[in-house]
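Colleague: I am new to this structure and would like a close look at a single part of it, taken slowly.

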Amino acid sequence: MRRKPDIEQRRRDLCDAAIELLAAEGARGLTHLRVDRHAGFADGTTSFYYQTRSALLRGAIDRVIELDVADFTEALAATRDGEVDSLLSHLAEHAMRTAVEPERSRARARFELMMIAARDPELSMVFEKLMDRFVAISEAAVAQVQPAGTPFDSDLVKEEAFAVVTFLGGFLFRLAYGLARLDSAKSLEAYLRSVIAGVAAEHGRIANRD
């Protein structure tokens with residue numbers, strides 16, 4: 001007897017193929033037939049699971065987010081298990097993985113999908129939820145590295161996290177397309193700490209003027 005395919009695994013395989021095509025050729029290179037052949041499945045398989053292009057794009061977005069959330073969860077779990085390294089250092093390590101596969105293709109596909117989502121309110125909402133998670137983790141990372149003995153300032157933490165997210169967004173784009181030249185997560189973490197320190201200094205100057 002022929003075994004029935006694992007439907008969820010088949011969907012993941014198709015979405016992984018779609019991600020690789022988006023990374024290599026952009027949105028124009030994404031068709032149902034090309035996903036079939038890239039994934040090594042019979043013609044018509046992708047159309048069976050994702051009847052429309054919109055459904056296929058949503059499937060690719062959901063897969064990117066599933067993998068991104070797994071990375072976020074791993075970083076959070078590491079800091080909860082008593083490791084010495086800060087959450088900020090784990091974020092830097094995860095960011096540097098964008099330079100190698102499969103994370104590099106995922107990052108490129110994410111940028112392609114975000115451009116598509118910018119013109120589609122429904123898809124845009126999905127990415128907004130992912131960004132909310134990233135901002136929350138960035139705020140937690142920034143909160144961990146506040147100077148000892150200073151009162152906690154939630155407004156400052158939000159400003160610093162905004163700067164970190166903005167810096168990382170640009171850095172990840174450059175890294176995914178081979179434009180960044182950093183040799184280690186430690187170097188990236190040093191930049192992130194400099195960004196945080198710069199925002200704190202400016203915040204302090206503004207407070208003193210007031």
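Which residues does Thr 46 touch, not counting residues up to four places away in sequence?

Modeller: Bearing in mind that this is a predicted model, Thr 46 touches Leu 14, His 32, Val 35, Asp 36 and Leu 56, once residues up to four places away in sequence are left out of the count. Thr 46 itself has its place in helix 3, which covers residues 45-49, and with a relative accessible area of 0% Thr 46 is buried, because anything under 20% counts as such.

In the loop between helix 5 (87-96) and helix 6 (103-117) lies Pro 102, and the peptide bond leading from Glu 101 to Pro 102 is cis, with omega near 0 degrees, whereas most peptide bonds are trans.

Further along, helix 7 (residues 121-144) packs with helix 8 (residues 154-176) at an angle of about 120 degrees, their axes lying 8 Å apart, and the two helices are therefore oblique to each other, in a crossing that is right-handed. The residues of this contact between helix 7 and helix 8 divide into ten nonpolar, one polar and three charged; among them are Met 131, Phe 134 and Val 135 from helix 7, and Val 164, Val 165 and Leu 168 from helix 8.

Technical notes:
Residues numbered from 1 in each chain as written. Predicted model: local features only at pLDDT ≥ 70, side-chain atom pairs only at ≥ 80, totals over all residues. Heavy atoms only, no water. Axes fitted to C-alpha atoms, helices over the stretch in contact; angles between N-to-C directions. Helix = DSSP H or I, 4+ residues; strand = E, 2+ residues; numbered from the N terminus. Parallel < 35°, antiparallel > 145°, perpendicular 65-115°, else oblique. Left-handed = near helix turned anticlockwise from the far one by under 90°. Contact = heavy atoms within 4.5 Å. Nonpolar A, V, L, I, M, F, W, Y, C, P; charged D, E, K, R; others polar. Buried < 20%, exposed > 50% of the residue type's maximum accessible area, 1.4 Å probe, protein only.
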